[in-house]
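Student: I'd like to learn how to read salt bridges in a protein model. Could you walk me through some?

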Amino acid sequence: MNNELQSALRKLKNNQMSSGAWAWFKGGYENRYITQHIIAGFGHLKQLGVISTEQGTSDEKSNFEMIENAIKYLDTQFIKEYKDIRKYNAKVDLDKDHLSHTQLHYLYMRRFFSDIKKSKEVENIIKYYQTQIQKYWLSRSLYSKGLMALISHRNEDSKTASKIMNSLKETSITSDELGMYWKSNTNSWYWYQAPIETHALLIEAFAEIENDTETIDNLK
């Protein structure tokens, strides 16, 4: 299994572009979504203790450099999308909902790597999007609510995280046969509309934020 792990890491290192990004396929164009998805995966592995972002051994240093380079690219893309809100219209109302699924996924990914320093600009934009979460979470999908709860929890906005978690509980169904689930969690076209991934994310939110064994068992 360790050999398989090292082989997978080597493939990722070899396919990483000079910008820090990955393409969907070797030889393709850099792609923000798949880069973000890969780094979020590393975040999960870090949390599980499978890989380390310490810089002790040469392998650890190499992994850290790969992740750090990707995060530099993603930080740049995060800033760019924020600036694009006003690119063609300087008078656009920033109080309106400008939190895209890609920006939300970035905020979720970035919370795994607090040890990799953020620029002041990134920190300020994260604060802006946290106010967006506070205003617009109620109208979002289950998957987005799960992301928003975890982001708020990590940003020490316990009030917003608590509101979202209470709403998730109130809209759930619990039965002897199926446990705890959501009727609205159905399959659709987009990456943020996958029922199994959505349910797994909600288990992550309940485990990290509330850690109520009975609820987690019902969800599982």
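Predicted model: local features only at pLDDT ≥ 70, side-chain atom pairs only at ≥ 80, totals over all residues.

Student: How many salt bridges does a search of the whole structure find?

Tutor: The search finds 11. The general idea is a side-chain nitrogen of Lys or Arg within 4 Å of a carboxyl oxygen of Asp or Glu. One case here is Glu 81 with Arg 32, at 2.8 Å from N to O.

Student: Which parts does the pair of Glu 81 and Arg 32 tie together?

Tutor: Glu 81 belongs to helix H3 (residues 58-84) and Arg 32 to helix H2 (residues 32-48), so the bridge ties together parts that are 49 residues apart in sequence. Arg 32 is buried, at 11% relative accessible area, while Glu 81 is partly exposed, at 23%.

Student: And how many residues apart are Lys 80 and Asp 84 in helix H3?

Tutor: They are four residues apart, which means about one helical turn separates them. Their side chains form a salt bridge at 3.1 Å, N to O. Lys 80 is partly exposed at 44% relative accessible area, and Asp 84 is partly exposed at 31%.

Student: Where do Lys 135 and Asp 95 lie?

Tutor: Lys 135 is in helix H5 (residues 120-136), and Asp 95 is in the loop between H3 and helix H4 (101-110). Their salt bridge, 3.3 Å from N to O, links distant parts of the chain, 40 residues apart. Lys 135 is partly exposed, with 48% relative accessibility, and Asp 95 is partly exposed at 48%.

Student: Which residues do salt bridges with shared partners join into one network?

Tutor: That network consists of Arg 111, Arg 154, Glu 204 and Glu 208.

Note on methods
Residues numbered from 1 in each chain as written. Heavy atoms only, no water. Helix = DSSP H or I, 4+ residues; strand = E, 2+ residues; numbered from the N terminus. Buried < 20%, exposed > 50% of the residue type's maximum accessible area, 1.4 Å probe, protein only.
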